[in-house]
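Keep the sequence and the 3D view open as you read.

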Amino acid sequence: MDILISRPLPGPAPAFLRERGHRVTMLADDRPTEEFRRELAGADGVICLLSDPMGADVIGAASRLRAIANYAVGYNNVDVAAATAAGIPVTNTPDVLTDATADVAMTLLLMVMRRVPAAMRYLAEGKFKGWKPDLLLGHDLRGKTLGIVGMGRIGQAVARRAEAFGMRIVYHTRSGAKAGLPWPAVSFEKLLVESDAISLHVPLADTTRHLFGAAELRRMKRGAVLINTARGPVIDEAALAVVLAEGHLLGAGLDVFEEEPKVHPGLWQAPNAVLLPHIGSGTVETRTEMGMMAARSLHEALTGGKASHTVNPEVYTTPAWRSRKW
Ligand code: DGY
């Protein structure tokens with residue numbers, strides 16, 4: 001089968017696919033979007049990225065396409081309904097990136113609470129003239145309340161880490177308390193007003209777009225911290241820039257942005273905003289395993305099987321999928 005890989009992947013995923021007889025085209029990092037669309041027209045399967053919009057138009061134009069492996073756990077870039085209607089399984093890469101992403105959420109939380117960027121700037125600018133009792137004081141994590149919005153695998157991994165730092169955990173999910181978790185589920189309102197820090201772990205959907213707008217940001221405790229390693233549009237960035245400038249929040253730690261790779265200009269000016277370029281899952285081990293997971297799922301799908309980590313399992317009952325000749 002002809003397989004398209006959107007950009008260079010770390011690790012042996014391309015070799016794995018070639019060893020199984022597939023012809024693999026891996027596009028260069030600096031390729032234009034048009035090249036991806038052109039190559040997709042001749043592909044039976046694709047490993048695409050969260051930065052590749054796979055809308056109904058793109059899927060409809062790819063007449064040979066039989067499987068989409070999204071190299072991410074989030075798949076808001078793919079029109080799953082359009083793929084299902086076309087009999088195309090869509091797969092993602094859950095689990096393997098849980099720890100790496102939770103580590104970055106904690107990194108952001110620590111950096112904001114301990115004012116690490118300000119401290120680094122202070123040193124680099126030659127202002128450090130010796131130890132002082134009141135120099136660049138941050139805040140303890142111990143004894144503070146961390147509110148987690150979305151309590152899936154990554155939310156739980158963050159809760160375990162934060163608990164080890166002495167934080168009290170509360171969480172909110174739209175579907176209520178999750179069985180077997182040791183932490184209290186609370187209403188969204190209670191989480192907003194009680195948390196000293198809030199960490200976001202929801203997928204991007206119509207229900208979560210701008211979940212944190214001006215009103216919600218102002219409902220947060222004065223001096224609280226907001227951390228986002230999920231998807232940028234969950235926060236209204238323009239509103240966040242205003243609330244940070246007003247000094248209502250202590251700071252924000254963001255690994256994701258509304259219109260990546262753009263960052264809202266107000267966030268650059270914001271005091272105590274820690275901004276990272278979407279590196280939540282960015283470790284050698286995790287990205288290698290994400291590639292292998294995508295490659296294995298794609299191979300399964302392209303050899304007529306029900307692929308592991310299919311996010312639209314209903315596709316396997318559609319006439320479009322059942323009538324395929326493998
Ligand atoms: C994901 O997988 O959804 C992350 O945002 C990138 O690893």
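The report covers the model, then the cores, then the serine.

## The model

This is a predicted model: local features need pLDDT of at least 70, side-chain atom pairs count only at pLDDT 80 or more, and totals for chains, interfaces and linings use all residues. Residues are numbered from 1 along each chain as its sequence is written, and side-chain values use heavy atoms, with hydrogens and water left out.

## Nonpolar cores

A nonpolar core is a set of buried Ala, Val, Leu, Ile, Met, Phe, Trp, Tyr and Cys residues joined through side-chain atoms within 4.5 Å. Buried means under 20% relative accessible area (1.4 Å probe, protein chains only). The largest core has 52 residues; Ile 47, Leu 109, Leu 146 and Ile 169 touch the most other members. Helix 5 (residues 98–113) gives this core its largest share, nine residues. Helices are DSSP runs of H or I, at least four residues; strands are runs of E, at least two; both are numbered from the N terminus.

Ile 169 has contacts beyond four places in sequence, including Leu 146, Met 151, Trp 183 and Pro 184. Contact means heavy atoms within 4.5 Å. A separate core of 30 residues includes Val 149, Phe 212, Val 234 and Ala 241.

## Ser 195

Ser 195 sits in the loop between helix 8 (188–194) and strand 8 (197–200). Is Ser 195 buried or exposed? Ser 195 is buried, at 0% relative accessible area.

A polar atom of its side chain lies 2.7 Å from the backbone oxygen of Leu 191. The Ser 195 side chain also reaches the backbone nitrogen of Gly 147, at 3.5 Å.

Definitions and conventions: Buried means under 20% relative accessible area, exposed over 50%, partly exposed in between (1.4 Å probe, protein chains only). A polar contact is a pair of N or O atoms within 3.5 Å; within protein, one must be able to donate a hydrogen and the other to accept it, and residues adjacent in sequence count only if both atoms are side-chain atoms.
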